[in-house]
Amino acid sequence: MDRSNLYRRFRTLLIANRGEIACRVIRTARAMGLRTVAVYSEADRDAMHVALADEAVLLGPARARDSYLNVERLIEAARKTGAEGVHPGYGFLSENAEFARACLDAGLVFVGPTAGMMTAMGSKSGSKALMEKAGVPLVPGYHGAAQDEATLAKAAEKIGFPVLVKASAGGGGRGMRIVRSSAELGPAIVSAKREAKAAFGDDTMLIEKYVDNPRHIEVQVIGDRHGNLLSLFERECTLQRRHQKVIEEAPSPTLNASQRETVCAAARKAAGAVNYVGAGTIEFVSDGKDVFFIEMNTRLQVEHPVTELITGIDLVEWQLRVAFGEELPLKQDEIRLNGHAIEARVYAENPTKNFMPSVGRISTWRLPAETGGLRIDAGYREGDGVSPYYDAMLAKMIAWAPTRDVAIERLNRGLEDCDVRGVVTNIPFLSALMTHPKVRANAIDTGFIERELAVLTPAATAPGELELCAAVAAIVNDERQAAQAAASSPWQTFGWMPVGRRQRSFAFRVGHRPEQKIALNYGSGPSTLVIGERELAFAISSRDGGFDLTLDGVKSQVAAVIDGHELYLRTRNGRFDLHWVDPFGGESEEHVGEDKIAAPLPGTVVAVLAEEGAKLEKGAPILTLEVMKMEQTLRAPFAGVLKAIKCKVGDIVQEGVELAVVEPSGEQE
């Protein structure tokens, strides 16, 4: 095939992706003087990446297979807009060899490796055979073509349990299961194959020895078409949940200088086995002594900003320069490691409910300024909708500092200064992770989050004196601002009275806790708040996103959001959600039955795991939904009899739809 179109300078770039990475690529492309073209689904009409690009093309319906995974529509979008290059981002078609080949056939420059390189390194089983030949250390495992259950079972027995069953194509923890006994193997293979088929269109499995207490180390590499291949140091991504990275940092705090050079040399050797061109990542697992090759990701990684911050290199710019056919700007010995960087992935998910994805419209989006070593790569804004169709990552927060300890402190302060409402996020969970003493001490492995989940997702703290006073201040401040906007008369201003004093009572409730009451005294003298027997001098002054609250001479910054009678507050003690009890009465509490087996989010029924009439133990699996490309199993809330299944495999169900009915056995506690 004619390779003349593989790499050449172009002026217009189509970004075949969405969300944060599309926005990230647009920013660098624009800085390089390129025109940018966004693509979008019907669910993303008003998305941030669409607004940022010079042009945008509708691909089709919300489902990824009808839009972001539709190769023909992407090629047609490039043709319509005169785009000459295509950047795939990460996820979707970024490691799809057929897409890279289709771009080449259409005369487009694909910003990434060739289809041949993807094929060689994109298959976990194929790449392991290649690495074995190249002398790169491997985890013992089975990477063969035979995929029948008997062959896989025999391989697992030979390797020895525990083993890791995982999809040969793709990543992100999808199609991956830890199996600790032969009895668990069959169901794990079936489930992993189904999930892999849905996510990647390929259910080929490989089996590896599972390394207990492992660490995840990866090396950023990049090559050009002139034979230059560089490593840009390593990242540590050990803090994971369900095999999906949560926190990433560079350089690894686990490796010394000698180990760093060894693993980087192994990564260059791995990429050199296919004469790699473009940005990619060689991933390793470590048992604390040795490192073993896992796979190569033939694309830009989510966590690439930490490498950028310690090297001063814009990896997207280098990707584009390689695509132009240029040589890499630096040689290996010219790349310097400077300081430490750490990244947290901000997701729309609820850590207290097994990290269930959260959908809705972002009503409040307040993130700190990008100063003092803090960087934020976001794909959402206030007012944007979070749909159930795609990955739930909203943004990445990255902090750089001269040392790891200071970088962690900066990241944690950045997380603490975030206020996002409308959807549930993992921000408090990330902050708890960053302040955990074992994370600070680097005493972790890939199973750390699962083991420490109860500590990292504590029950909501009851509001204290400061929060009750802040709740009153939030209401008063909101009313005062509304009055001032309506009229300038002092009679409309809270707290101004020529003579006399008045009292106003407030009551707040958190969850099912008893109401907490507080009184406001105001009028001709200083305003005060009364809680029980205590009376506190009280003053407020507005500022962006909240107000300054002064209690008995101590001033505190408070962030506040009021939505009807629901109050969100962030004080020095954390984040709090309070309900302002209607002072005119008439409220009625609605208790949604926790026993209802309903779709937590829109999704597709992929498996029915129990039959009507079956006797179920508490926690027994009933059915499995595919939600946001991940499987969620719904289980019996108590021991009982499965009276009805109200769905079948293949059904697309909406949030809140009842899917099954369980009748308690009478032995329920």
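Before you start, a polar contact here is a pair of N or O atoms within 3.5 Å. Keep in mind that this is a predicted model.

**Exercise 1.** Find what the side chain of Asp314 reaches at the start of α11, then work out how enclosed the helix is.

Solution. Step one: look at the start of α11, where a side-chain oxygen of Asp314 comes to within 3.0 Å of the backbone nitrogen of Val316. Step two: list the buried residues, meaning those under 20% relative accessible area. They are Leu315, Val316, Trp318, Gln319, Leu320, Val322 and Ala323. Step three: that is seven of the nine residues in 315–323, so α11 is largely enclosed by the rest of the structure. After the helix you'll meet Gly325, with a positive phi near 95°.

**Exercise 2.** Describe how α5 and α6 cross.

Solution. Start with the axes of α5 (residues 115–122) and α6 (residues 124–134): they come within 5 Å and cross at roughly 85°. Angles of 65 to 115 degrees count as roughly perpendicular, so that's the label for α5 and α6. Now for the contact: α5 brings Ala120, Met121 and Gly122, while α6 brings Lys124, Gly126, Ser127, Leu130 and Met131. Sorted by class, that gives four nonpolar, three polar and one charged residues.

Key
Residues are numbered from 1 along each chain as its sequence is written. This is a predicted model: local features need pLDDT of at least 70, side-chain atom pairs count only at pLDDT 80 or more; totals for chains, interfaces and linings use all residues. Side-chain values use heavy atoms; hydrogens and water are left out. Buried means under 20% relative accessible area, exposed over 50%, partly exposed in between (1.4 Å probe, protein chains only). Helices (H or I, at least four residues) and strands (E, at least two) are DSSP runs, numbered from the N terminus. A polar contact is a pair of N or O atoms within 3.5 Å; within protein, one must be able to donate a hydrogen and the other to accept it, and residues adjacent in sequence count only if both atoms are side-chain atoms. Axes are lines fitted to C-alpha atoms, for helices over the stretch in contact, and angles run from 0 to 180 degrees between N-to-C directions. Angles under 35 degrees count as roughly parallel, over 145 as roughly antiparallel, 65 to 115 as roughly perpendicular and the rest as oblique. Contact means heavy atoms within 4.5 Å. Ala, Val, Leu, Ile, Met, Phe, Trp, Tyr, Cys and Pro count as nonpolar, Asp, Glu, Lys and Arg as charged, and the others, Gly among them, as polar.
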